[in-house]
Amino acid sequence: MKPLMKKNRKGHINYNKWGYLFLIPFVVVFLVFQLYPLFQTLHFSWYTYYEDTGLLSSKPVGPDWCGFANYIYLFQHSTVRHFYLFELDLGKIEINDLLYYAINTILIWIEGFIPQIAVSLLLAVWFTHIELNLRFQRFWKTVIYMPNLIMAAAFGMLFQMIFARSGPIINTLLQWGWIKTPIDLGDSSSWTHVIIAFLNFLMWFGNTTLLLMAGVMGIDTSIYESALLDGASSGTVFRKITMPLLKPIFVYVFITSMIGGIQLFDIAQIFTKTTGGSQASSYTLMMYLFSLISDKQNYGQAGALSLLMFIVTAALSMTVYRTMHPRPNEAREQATSYRQRMKEYADCPATIAERGRNAMSASTEKGVR
Amino acid sequence: MATTALPRRVSKSYRIQLGFRRAGCYLFLAVLAFLCIFPLWTLLINMTRSKGDIEATGFRWWFSTFLSQNWTKCFNDNHLPVGSALRNSFIVSLCSSVLACYFSALTAYAFQVYNFKGKQIIFTFIMLIMMIPTQVSALGFVQMMRTWKWTNTFWPLIIPSICSPVIFFYINQYMESILPFELVEAARVDGCSEIGIYHKIVLPLMKPAIAVQFIFSFVGTWNNYLVPALLIDKDSMKTLPLIIAAVKASDPSSFDPGKVYCLVGISIIPLVIVYLVFSRFIIKGMTAGAVKG
């Protein structure tokens, strides 16, 4: 700890009041621009409050207290959707809008997240692998992280152009004779959300790789070296050392990605030209919220949807916080379990010592060269 | 070296196997790199192609000659005020990242140098709110801005960045690891005011951390679509993402892909260049901020 001015000691000036003063801008802006609007949003959810848009003018209705009416509307309002799986017709089903949009959002997230975590884990392990010793690492990292900084709206627009009915992909496929008639991949009930998920994957796998790499490199290298000496195969090292020690960062990546997935908006909105694609199959929760606020101008229902999203994201953030800041006794338990695992590992017989020795001399030889 | 004295057990087959694995890794990396670079390359190429060429043939590998025509069309479209959008985006991003960095560092300074009641509680609270997206309070925010008559101004896009928990968190950690408290005390003895210490000693020391966070903040604001979309509908105040979103509204017969590629290029390329120049620091900063010990 840093030496700090003691309070109530004679002859010393108390500087600590300055601390409060310097916190004022941050805290005031938070209270005024985040916390108050949040309460305002939640407050609206109990009221009938919308713009009654006529042909020429619009007039606000409410706010009038209505209890749970907005929530009931969200949970009851349903539309008949025609489901397709590529060419296969699955028939018409009436489904609740909110549920449908939630399923869309989560489906897009999962379709993007599974390849993202698999590829990122693979790359993180490869980049930090002693034996493999991959070259040009800075180049690879620079390239795979680049899409993360690109404007999502512009990225969505770029791919909308590329996948458009008269765009280069369809043109090429027609030329090759893979398809007979042009199709609109931005307005298909099966393809659109796969493409959006792919764009999400492309934007985020570099970020996840770098995070996981930082996690892997944070692991004490002596653990790897001793494992290598004991002749552990890279699969064993991965399962017994890397994965358990990576767990906190893994949870962090998983949940922050999920929070981001729930908020998916820019790409889907621009790529599908705000429609959500055919049968609104790529219509996300955020797009629903956006249309409630700015198109339908139904502030009561928008408030109710915001509250539901707030509860989900708050619960998820709480989980992240608990993983990153474990309680003292939990931290001790974790440390004990790691130590236990290390001991078990040390006890296990070096079954493939030959291979380990090979690995060691291979890597040192490389170092000499 | 000592290791060479060890019995050489590296079997040939093992080395061949390792070589194959390495080749596989490079192949996989090359595919991923292709996926990342190819869309941008297509963008660059198509910025230079004419409407007819783009619609007739799919991909081309090399530049054409229509860049200047597409460029002029892009800037002269009355429905798409690209010039003013570029200026607006730049102003908003610059102002909000300056504010975000200055006040986040000030908040971190308050936490690192002073010891006051409730410090731990406030810190925990900031950590908790860090994850909650601002989108869930968007409705209340928009309503408040409407009552304040702040819609179609830049204030609601700039002022809230003073409270940026993520930037604060990163600078706070950096400060914790490098700021020597003796320096602050020495300055006090020499009669420097508290805010003077912040300006003259702490801010210069924080330069590396602030530079990285400035870039992240700039990129974040530059790319922000949702909040401006909710608050701004006057053409002259629109930022670049809004202009891109407005493209769909234009008439299909007058739709010119070359022009739109140019517009997308204008919004992406400046940041890509900045990224490529500073990539080493950005990548380092990105991982250092997110992973704690």
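Guide: Start with A:Leu74, which lies in helix α2 (residues 69-76) of chain A. Helices here are DSSP runs of H or I with at least four residues, strands are E runs of at least two, and numbering starts at the N terminus. This is a predicted model, in which local features need pLDDT of at least 70, side-chain atom pairs count only at pLDDT 80 or more, and totals for chains, interfaces and linings use all residues. Residues are numbered from 1 along each chain as its sequence is written, while chains are lettered from A and ligands numbered from 1 in the order in which they are written.

Now step back along the chain to A:Phe68. That residue is in the loop between β2 (58-65) and α2 of chain A. A:Phe68 counts as exposed, because it has 12 C-beta neighbours inside 10 Å. From A:Phe68 to A:Ile110 is 42 residues in sequence and 32 Å in space, C-alpha to C-alpha.

Next, the chain as a whole. Chain A has 14 helices and four strands. Of its 369 residues, 38% count as buried. Take the contacts in chain A with a separation of 6 or more: 68% of them join residues 24 or more positions apart.

Two helix pairs in chain A deserve a look. Helix α3 (residues 97-127) and helix α7 (residues 191-217) of chain A have axes that come within 7 Å and cross at roughly 35°. Axes are lines fitted to C-alpha atoms, for helices over the stretch in contact, and angles run from 0 to 180 degrees between N-to-C directions. α3(A) passes α7(A) in a right-handed crossing. Right-handed means that the near helix is turned clockwise from the far one by less than a right angle; anticlockwise gives left-handed. By class, this contact of α3(A) with α7(A) has 19 nonpolar, eight polar and one charged residues. Nonpolar covers Ala, Val, Leu, Ile, Met, Phe, Trp, Tyr, Cys and Pro; charged covers Asp, Glu, Lys and Arg; the others, Gly among them, are polar.

Stay with α7(A). The axes of α7(A) and helix α9 (residues 234-262) of chain A come within 9 Å and cross at roughly 150°. α7(A) is therefore roughly antiparallel to α9(A). The cut-offs are under 35 degrees for roughly parallel, over 145 for roughly antiparallel, 65 to 115 for roughly perpendicular, and oblique for the rest. α7(A) passes α9(A) in a right-handed crossing. From α7(A), the contact takes A:Trp204, A:Thr208, A:Leu211, A:Leu212, A:Gly215 and A:Val216. From α9(A) come A:Thr242, A:Leu246, A:Ile249, A:Val253 and A:Ser257. These divide into seven nonpolar, four polar and no charged.

Now cross to the partner chain. How many residues of chain A are in contact with chain B? The count is 88, and they meet 84 residues of chain B. Helix α1 (residues 17-44) of chain A gives the most to this side of chain A, with 17 residues. The side of chain A that touches chain B has 58 nonpolar, 21 polar and nine charged residues.

One helix pair spans the two chains. Helix α4 (residues 137-145) of chain A packs with helix α1 (residues 12-47) of chain B at an angle of about 40°, with axes 8 Å apart. So α4(A) is oblique to α1(B). Their crossing is left-handed. α4(A) supplies A:Trp140, A:Val143 and A:Ile144. α1(B) supplies B:Leu29, B:Leu32, B:Ala33, B:Cys36 and B:Ile37. The tally for this contact is eight nonpolar, no polar and no charged residues.

Finish inside chain B. B:Gln112 is in helix α4 (residues 82-113) of chain B. B:Gln112 counts as buried because it has 20 C-beta neighbours inside 10 Å. Leaving aside neighbours within four places in sequence, B:Gln112 is in contact with B:Asn172, B:Met175, B:Glu176 and B:Leu179.

Note on methods. Two residues are in contact if their C-beta atoms, placed from the backbone, lie within 7 Å.
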